Each structure stands twice: as structure tokens, then as C-alpha cells.
Amino acid sequence: MDFATPDHLRPRLDAAAALLTRLEPLEHQAIAQGFYAVQPQLDAIRQELKGSSLWLPQIPTASGGQGLSVLEHGLLTEVLGASPLGHYVANCQAPDAGNMEVLLEYGTDDHKSRFLQPLLAGDTRSCFGMTEPGRAGSNPVWLETTARLEGEEWVLDGRKWFTTAADGAAFCIVMAVTDPDAPPHQRASMIIVPTDTPGYTRTRNIPIMGEEGDGWMSHSEVAFDGARVPQANLLGTRGAGFSIAQARLGPGRIHHCMRWIGICRRALGMMATRAASRMLTPHESLGEKQAVAHWIAECSAEIEAARLLVLDAAWSIDDIGAKAARQKISMIKFFASDVLMRVIDRAIQVHGALGITDDTVLSWFYRHERGSRIYDGPDEVHKSVVARRILKEARQS
Ligand SMILES: Cc1cc2nc3c(=O)[nH]c(=O)nc-3n(C[C@H](O)[C@H](O)[C@H](O)COP(=O)(O)OP(=O)(O)OC[C@H]3O[C@@H](n4cnc5c(N)ncnc54)[C@H](O)[C@@H]3O)c2cc1C
């Protein structure tokens, strides 16, 4: 296993780093005024990037992407992830990236031309509706939303929430129970619901620690009240919703974790710059205080450890596949999110009162990345999964 950055990737990483300097002023505007305020400028950058080495890095070349391996995409994601807007301009943002992968793998030719192609072209956005207000999202096989077949149409009823980027999305891939009497893992299916379908309503954008957000930078509650879509909008086979969701999450966790490492590195850089320049007296900077110096050292070591763990998981997915690498995938989820939270918190502390203002990007990361310990499976669930496998082996030995 070799984690040295491959030479062929270096120009791409340099291009991504240069892109981030262009995004910085837009970040401030997006944080202050919302996503729609900066979307025209972001979409202009997207037009420039189309066809470049940064566009659709995770998508195979045959479909117009860069065909990067999971490890290579992880390294690029780390650079892009240092800005809240990096993934959007390269068209590899959640939840669209996962939806693209699902449509590529399970979509029919019709799904691909109607739903996938506009996504790949960056002309539309999409969302993914699985979690519900009335049921614990940690148990993904226990859902209330139903889809029943009437003639040649699915009729959907139920509510979803935390549907990221539903505001402005063209369609939602919905997990709904189609076979309530089947074994738990075969009860739900994935169905594509265009957002202009009568009976589909985006009820509200849910405020996150006081910020409602808009467009791609928001999370919505959505309702299905007898929403009818053609039978052909089923993705994959009937009852395969859970297994498709599992396939969607494996490489997706690498993308999230490497994005978090990118955020950590940026926060550490900000912490160090502030500690070196903020003077406590004319002769002593903050960084000369042992507590602050130790935070910098600890953050640096924790980020490096998390980074190597994530790269190892990415390398394992490329080498042995996501299923065989699932123990490592679960480990990085809780380890990296924990490091992320600690690094952001320490960076804010070193910035003092400035750290909790919106004058730096740290407060945005603090608000919006707190969810990292909850989404893609809460940390506690992953810890239980990891421990269960270790204990099973111990019992068998
Ligand atoms: C920023 C963000 C974006 C999201 N985007 C989407 C999206 O686009 N689409 C979508 O469908 N969902 C999305 N979600 C929802 C996310 O998938 C769920 O929040 C997650 O699955 C947890 O479900 P829950 O919130 O219902 O928590 P619950 O299941 O109610 O769990 C609450 C808490 O209980 C603890 N817990 C749960 N299970 C266990 C266990 N087995 N052992 C020990 N402790 C446990 C954990 O601490 C957990 O945080 C998003 C969430 C966030 C925060």
C-alpha cells in the first residue's frame, strides 16, 4: 500500500487548490446571504470547469467524468472539501454524487436520459429521501412511507425529512415500503419522483442551529400525499431499496471523510495563523502559550491519523471492494467525524470571540458539520458494528 500522491494527480490537485482561492470571497457571500445569492457565479465557474480535469471526478470516463479511483477521488476531495463550495463547482457534491452513482448502476436507459444526463451536465440537482420524522433513521429498514402499485403507477404517501438539497431539486430518489410483508431488508424500493409531481410538497427548509439555508445548502421536510409516478420509475428491482442504499453509502463515506480531513487541515491552518499572529502582549503571541501549542500539535497528529485511516479504507475499497472493506469504512466514519469536531472546536477556541462570528468560515463548519456524527449512520451505530465483528471473531477463536 502506497499513499504517496500519484504524479498524474498533482496537476489536478494544484488546479483544485487554485480554484479554492477563487471560491473564498463567494464563501463569505454564501454564508451571509445564502446559496441562491451566489449560484450565478458558481454556475459560471461550473461552465468553465466542464470537461476539465476537475469535472465529475468520481464518474467513469465513458459517462463524461474523470474515472478516478476511490483513493484518487479521496485525495481530490480533501482539497475541494476545504471550501463549503468546492464540491458543488466540480459537480461531485452530495447528494447528487451518490444519486449519479445509483442511476449509473441501476438506472434504465430512460432513467439515464431523463434524470442522469441533466445531472451529469450540471443542469439539474437532485435529492435523496430516506429519513423520516416519525421513525428512527438509525434503523433504515423501518419506514412509514409507502408506495403502492395502482394500475401502472406507484402512489406514494408519507413524509421525509433532512432531505438535503430538496430546495431546487428536479427529482427525489425516495425509499418507500412497497412490500410490507417481505423480510425487513426487502420491504422497501427506490422510486424516482420528479419534484413537479402533484402530491409532492417541499414543506419547509429545516433551520440548522438558527440557519434555514436555501437551495443546495439546505435540508428540507417533504411530503407525499398520493403522489403518482409511472411504474417504470422504480430503480433496480422491487424490494432492493436497502441493498442499493448500502451500495450508495460505501464509497460515499470515503468522500465525506476526506472532505472532513480537508476541513480539518484548513481549520488547523487558521488556528496556527491566528496563534502565531494574535499578540497577548507586545512580546508574546497566543502560540507561545503551552495550551495553545499543544492543541496545534494534537490536532496535527489526530488529522494525520484520521487521514491515513481514511486513505487505507479508500485503498481497500479499490483493492478488495466496498463489502470486504466495510469494517474499515465503519471505523473511519466515527473516527474522522470525532477528529473533525475536536479540530473545529479548538480552532474556534483559539480565535476567541471572533471564532463564533460569521467573519470566518469556522462558525459555518461548526454549525453544519455537527451533523457529521449523525448522518451516514450515527457514530454509535458504527462503533457497535465494528465491535460486533471483533467480538464475533473473539467468540469463535
Ligand atoms: C446534515 C444532515 C444531512 C442529512 N441528509 C439526509 C438526506 O439527504 N437524506 C436522508 O434520507 N437523510 C438525511 N439525513 C438524516 C440522517 O441519515 C439521519 O439523521 C440518521 O440516519 C440518524 O437518524 P435519526 O436522525 O432519525 O436519529 P435516531 O435514529 O433517532 O437516533 C438518535 C440518536 O440515537 C443514537 N443511536 C441510534 N441508534 C443507536 C444504536 N443502535 N446504538 C446506540 N445509539 C444509537 C445516536 O446517537 C443517534 O444520533 C441527514 C442528516 C443530517 C444531520
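Visitor: How far apart are the centres of domain 1 and domain 3?

Guide: Their centres, taken over C-alpha atoms, are separated by 20 Å. This is a predicted model, where local features need pLDDT of at least 70 and side-chain atom pairs count only at pLDDT 80 or more, while totals for chains, interfaces and linings use all residues. Residues are numbered from 1 along each chain as its sequence is written.

Visitor: Which domains make up the protein chain?

Guide: Domain 1 is 7-107, domain 2 is 126-235 and domain 3 is 244-396. These bounds come from an automatic or database domain assignment.

Visitor: How do you know that domain 1 and domain 3 are in contact?

Guide: Contact requires two C-beta atoms, placed from the backbone, to lie within 7 Å. By that test, 21 residues of domain 1 are in contact with 23 residues of domain 3. Helix 1 (10-33), helix 3 (70-80) and helix 5 (96-106) each give two or more residues to the domain 1 side. Helix 3 gives the most, with 8 residues. Helices here are DSSP runs of H or I, at least four residues, and strands are runs of E, at least two, numbered from the N terminus.

Visitor: Why is L119 called buried?

Guide: A residue is buried if 20 or more other C-beta atoms lie within 10 Å of its own, exposed if 12 or fewer, and partly exposed in between, with C-beta atoms placed from the backbone. L119 has 22 within 10 Å, so it is buried. L119 lies in helix 6 (109-120). Among its contacts are D96, N99 and M100. D96 is 23 residues from L119 along the chain, yet their C-alpha atoms are separated by 7.5 Å.

Visitor: What makes the phi of F162 worth a stop?

Guide: F162 has a positive phi of about 60° although it is not a glycine. Its place is in strand 3. F162 has 21 C-beta neighbours inside 10 Å, so it counts as buried. A165 also has a positive phi, near 65°. A165 is found in the loop between strand 3 and strand 4. With 25 other C-beta atoms within 10 Å, A165 is buried.

Visitor: How do you know that the ligand lies between domain 2 and domain 3?

Guide: Both domains give residues to the shell around the ligand, so it lies between them. A residue belongs to that shell if its C-beta atom, placed from the backbone, lies within 6 Å of the molecule. Of the 19 residues around the ligand, M130, A136, G137, S138 and G371 come nearest. Strand 1 (126-129), strand 3 (153-164) and helix 11 (379-396) each supply at least two shell residues.

Visitor: What makes a set of residues a nonpolar core?

Guide: A nonpolar core is a set of buried Ala, Val, Leu, Ile, Met, Phe, Trp, Tyr and Cys residues joined through C-beta atoms within 7 Å. The largest one has 104 residues, and A267 is one of those touching the most other members. Helix 7 (241-277) gives the most to this core, with 13 residues. A267 touches residues including V343, I344 and F365.

Conventions:
Lists of a residue's contacts leave out its neighbours within four places in sequence.
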